[in-house]
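Welcome! Please take a moment with the sequence and the model, and then we can walk through them together.

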Amino acid sequence: MASLSLYLGLLVLCTLALVHCDLNGGPVRVYDIHASNLKRWLFIKPSPYVKVWCGSSFHGKSNTLEKQENPVWPGEFNFANILPNAVLTVEVWDDVIGLDHHMGTCKITIRPGTHSEICQLKRGTVYYSYSYGYVYSY
């Protein structure tokens, strides 16, 4: 009888540990952000940059890449303790003297694991990868 009680107690603890981990969320890493065929107007090449959010957390913006229709933004954006079903937002902006021009927004609901996304804008396409949770490589 004692072994059955011990077994049930361990089962309950393991179940609570799994639920606890799921409710706390985990880290999100956004990387390999690039775009193709970004167009401004007429024959002027854009000077694009991106802004990245995950849930309500704003991480910041990338460097502006001058006169690039096919930019590849270096680096990555890292978020800690993001809850499940948060929305990952990547905005593309054109650095224009005066008021910057919003070129488009990409939004997805995050899911565990590593994923690559493609987002069609009115004038171009954005590609990026993200990982959510504790991704292990062996």
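The paragraphs below go through the sheets, the core and a few side-chain pairs.

Before we start, please keep in mind that this is a predicted model.

Four strands form an open sheet in the order 3-2-5-6, and their pairing is antiparallel. Strand 3 (57-61) and strand 6 (101-109) are at the edges; each has a single partner strand, so one side of each has no neighbour in the sheet. From one strand to the next, the twist averages 15 degrees. Within this sheet, eight bridges link strand 5 (residues 87-94) with strand 6 in the antiparallel sense. If you look for Val 87, you will find Thr 109 of strand 6 standing opposite.

Now turn to another open sheet of four strands, with antiparallel pairing and the order 4-1-8-7. Here the edges belong to strand 4 and strand 7, and because each has a single partner strand, one side of each is left without a neighbour in the sheet. On average, neighbouring strands of this sheet are turned by 20 degrees against each other, direction ignored. Strand 1 and strand 4 run antiparallel and are joined by seven bridges. As a general point, strands of a sheet pair through backbone hydrogen bonds, either parallel or antiparallel.

Which residues have the most contacts inside the largest nonpolar core? They are Val 30, Val 52, Leu 88, Ile 110 and Tyr 128, in a core of 27 residues. The elements that give two or more residues to this core are strand 1 (26-36), strand 2 (48-54), strand 4 (72-82), strand 5, strand 6, strand 7 (113-121) and strand 8 (124-132).

Next come the aromatic rings. A search of the whole structure finds one aromatic pair. The ring centres of Trp 53 and Phe 58 are 4.7 Å apart and their planes are at 45 degrees, so this pair is tilted. Trp 53 is partly exposed, at 23% relative accessibility, and Phe 58 is also partly exposed, at 44%.

Finally, look at charges over rings. Arg 29 lies over the face of Tyr 31, 3.8 Å from the ring centre. Over the ring of Trp 93 sits the charged end of Lys 51, at 4.6 Å from the centre.

Note on methods: Residues numbered from 1 in each chain as written. Predicted model: local features only at pLDDT ≥ 70, side-chain atom pairs only at ≥ 80, totals over all residues. Heavy atoms only, no water. Pairing = 2+ DSSP bridges. Axes fitted to C-alpha atoms, helices over the stretch in contact; angles between N-to-C directions. Phe/Tyr/Trp six-rings, centres within 6.5 Å; stacked < 30°, edge-to-face > 60°. Buried < 20%, exposed > 50% of the residue type's maximum accessible area, 1.4 Å probe, protein only. Lys NZ or Arg CZ within 6 Å of the ring centre and 35° of its normal. Core = buried A, V, L, I, M, F, W, Y, C linked by side-chain atoms within 4.5 Å.
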